[in-house]
Amino acid sequence: WRCVALNMRGCNGVPLSNAKVYCAANAEDVRTAVNACKSRYPSAPILLAGYSLGTYVIGTYLAEENSHGRDPVAGAVLVSCPLDPHSSHAGL
């Protein structure tokens, strides 16, 4: 087993290396991480897990890939997903 953790841009003390910042509706970083894992370990199954806003990014990624007829991961677990992020944010 291998484990890869993705810290979103500018979150958890990760400094920004360019002008692009974290956006929960943008799955580009997840796609890049999955593609890098597939390239480095082509026969390994890829499983994704996300919590809170991380689930939103993973869900966006899975929906985008599925809409293009791709199924790049073996499975995913989404824990405490904000189904309506706008009303969740308003409740904070």
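## Close-up views of a predicted model

Residues are numbered from 1 along each chain as its sequence is written, and side-chain values use heavy atoms, with hydrogens and water left out.

**View 1. The overall chain.** Welcome to the whole fold before we zoom in. The protein chain has three helices and two strands; these are DSSP runs numbered from the N terminus, with helices (H or I) of at least four residues and strands (E) of at least two. Along the sequence they follow the pattern α-β-α-β-α. Along the principal axes, the C-alpha atoms fill a box of roughly 45 × 30 × 25 Å.

**View 2. Helix H1 meets helix H2.** The axes of H1 (residues 28-40) and H2 (residues 53-67) come within 9 Å and cross at roughly 70 degrees. Axes are lines fitted to C-alpha atoms, for helices over the stretch in contact, with angles from 0 to 180 degrees between N-to-C directions. The two helices are therefore roughly perpendicular to each other (the label covers 65 to 115 degrees). H1 contributes Val30, Arg31 and Val34 to the contact, and H2 contributes Val57, Tyr61, Glu64 and Glu65 (contact means heavy atoms within 4.5 Å). By class, four of these residues are nonpolar, none polar and three charged; Ala, Val, Leu, Ile, Met, Phe, Trp, Tyr, Cys and Pro count as nonpolar, Asp, Glu, Lys and Arg as charged, and the others, Gly among them, as polar.

View 3. The side chains of Arg31 and Glu64 form a salt bridge at 2.6 Å, N to O. Arg31 belongs to H1 and Glu64 to H2, so the pair ties together parts that are 33 residues apart in sequence.

**View 4. The largest pocket.** The space in the largest pocket is about 770 Å³. A pocket is an open set of points on a 1 Å grid over the protein atoms alone, with protein on both sides within 12 Å along at least five of seven lines; lining residues have an atom within 4 Å of a point. Grid points are joined across faces, edges and corners, and a volume is the space filled by probe spheres set on the points. Of the 23 lining residues, Val4, Ile46, Leu47, Leu48 and Ala49 lie nearest the centre of the pocket. Strand S1 gives the most to this lining, with five residues. The lining divides into 20 nonpolar, two polar and one charged.

How values were computed: This is a predicted model: local features need pLDDT of at least 70, side-chain atom pairs count only at pLDDT 80 or more; totals for chains, interfaces and linings use all residues. Angles under 35 degrees count as roughly parallel, over 145 as roughly antiparallel, 65 to 115 as roughly perpendicular and the rest as oblique. On a 1 Å grid over the protein atoms alone, a cavity is a set of points where a 1.4 Å probe fits but cannot get out, and a pocket is an open set with protein on both sides within 12 Å along at least five of seven lines; lining residues have an atom within 4 Å of a point. A salt bridge is a side-chain nitrogen of Lys or Arg within 4 Å of a carboxyl oxygen of Asp or Glu.
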